[in-house]
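Thank you for sending this one over for comment. Below are a few remarks to read beside the sequence and the coordinates.

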Amino acid sequence: MSTPQKANFGELLSKTILPKVHLIALLVSAIGLVFKYMNLSGSADILMIGFSALAAVYFLSAFTMVTVAQGSKHSPYALILFKLLYIAAAVSVIGLLFFVLKLEGYKEMLLMGSGALGVAILFSAAFVGANSDNMPILKRPLTFGIPILLIAVYFLYQLSIA
């Protein structure tokens, strides 16, 4: 009789903890936004907790282990883009938090986060187009990075109009 192998902390973090915390952070952020636009008290605290947790999830996701199929001919730069997408998403989320709470520095953070995220998405698309073995590495960060980029660019556009 063989005993099952125990998962190490990296696998537990990337496969169990971070996805659950991500969903909770999204829910808390959505509740905070509803509270903010209904002018209810405590909305700033809820937003701070939700967006900060969301940024922390994206930042920690950059350092999780990436599972690659045996014999994959992926580019080593795809792994760098994996990290860049998540870190730029974290900076963009903090920029969005600062924008919603009207804190100083939101313009710079939105500009740097969305700029890095946009460049990383363009390079990711080029890498996936050139070699489909890069798609399993870049699929998850792209699914989170593209919506965050669109939201950040929308707020930057609103700032340029005002």
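Predicted model: local features only at pLDDT ≥ 70, side-chain atom pairs only at ≥ 80, totals over all residues.

1. On the surface, Phe-9, Leu-12, Ile-17 and Val-21 form a nonpolar patch, and together they account for about 330 Å² of accessible area. Of these residues, Ile-17 has its place in helix 1, which covers residues 9–37. Ile-17 counts as partly exposed because its relative accessible area is 33%, a value that falls between the 20% and 50% cut-offs.

2. Helix 3, covering residues 76–101, has 26 residues and spans 39 Å from its first C-alpha to its last, which is close to the 38 Å expected at 1.5 Å a residue. At the start of helix 3, a side-chain oxygen of Ser-75 comes to within 3.2 Å of the backbone nitrogen of Tyr-77.

3. What is the backbone like just after helix 3? There Lys-102 takes a positive phi of about 60 degrees, although Lys-102 is not a glycine. Lys-102 is found in the loop that leads from helix 3 to helix 4 (106–130), and it counts as exposed because its relative accessibility is 59%, where the cut-off is over 50%.

4. Asn-39 lies in the loop between helix 1 and helix 2 (43–61), and with a relative accessible area of 70% Asn-39 is exposed.

Notes
Residues numbered from 1 in each chain as written. Heavy atoms only, no water. Patch = residues over 30% accessible without salt bridge, like charges linked within 9 Å, V, L, I, M, F, W, Y side chains within 5 Å. Areas by Shrake-Rupley, 256 points an atom, 1.4 Å probe, with all protein chains shown as cover. Salt bridge = Lys/Arg side-chain N within 4 Å of Asp/Glu carboxyl O. Helix = DSSP H or I, 4+ residues; strand = E, 2+ residues; numbered from the N terminus. Buried < 20%, exposed > 50% of the residue type's maximum accessible area, 1.4 Å probe, protein only. Expected span 1.5 Å × (residues − 1). Polar contact = N/O pair within 3.5 Å; in protein donor to acceptor, adjacent residues only side chain to side chain.
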